[in-house]
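I wanted the strand order, the pairing and the turns written down in one place.

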Amino acid sequence: MKEGWVIKVYQDRFQRLVKSYYTGHGYTVQGDWYGAFADIEEAKVYTSQKRAINAMEKLKPKIWNWEVMEVASLEDETWR
């Protein structure tokens, strides 16, 4: 099993929170930067929890298309 850490995001879609994961990519539309989110299979995997937390803290002020953002262990996420 692959080890590592991922950034888990909950997005508001049609008045319900949907779980997805940050892919490590993003895109710009009319000057606004959006994070790209997908299923766990496409998630960017960080080698340590500290790296994932640092990346998440840098993402938070850049993007706005998320409701809740947190770091999760890849091992814990693949068992759910």
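The entries below go from the sheet as a whole to its pairs and turns, then to the helix.

Entry 1. I noted that this is a predicted model. I looked up the sheet and found it open, with four strands in the order β3-β2-β1-β4 and antiparallel pairing. β3 (32-38) and β4 (68-73) are at the edges; each has a single partner strand, so one side of each has no neighbour in the sheet. From one strand to the next the twist averages 50 degrees.

Entry 2. I then went to β1 and β2. β1 covers residues 5-13 and β2 covers residues 16-29, and six bridges pair them in the antiparallel sense.

Entry 3. Which residue in the turn between β1 and β2 has a positive phi? I found phenylalanine 14, at about 55 degrees, in a hairpin with two residues between the strands.

Entry 4. Next came β2 and β3, which run antiparallel and are joined by six bridges. Here I saw tyrosine 22 opposite phenylalanine 37 of β3. The hairpin of β2 and β3 also has two residues between its strands, and in it glutamine 30 takes a positive phi near 50 degrees.

Entry 5. Last, I looked up helix α1. Residues 49-62 form this helix, which lies across β1, β2, β3 and β4. I recorded its angle to β4 as about 165 degrees.

Key. Residues numbered from 1 in each chain as written. Predicted model: local features only at pLDDT ≥ 70, side-chain atom pairs only at ≥ 80, totals over all residues. Heavy atoms only, no water. Pairing = 2+ DSSP bridges. Axes fitted to C-alpha atoms, helices over the stretch in contact; angles between N-to-C directions. Contact = heavy atoms within 4.5 Å.
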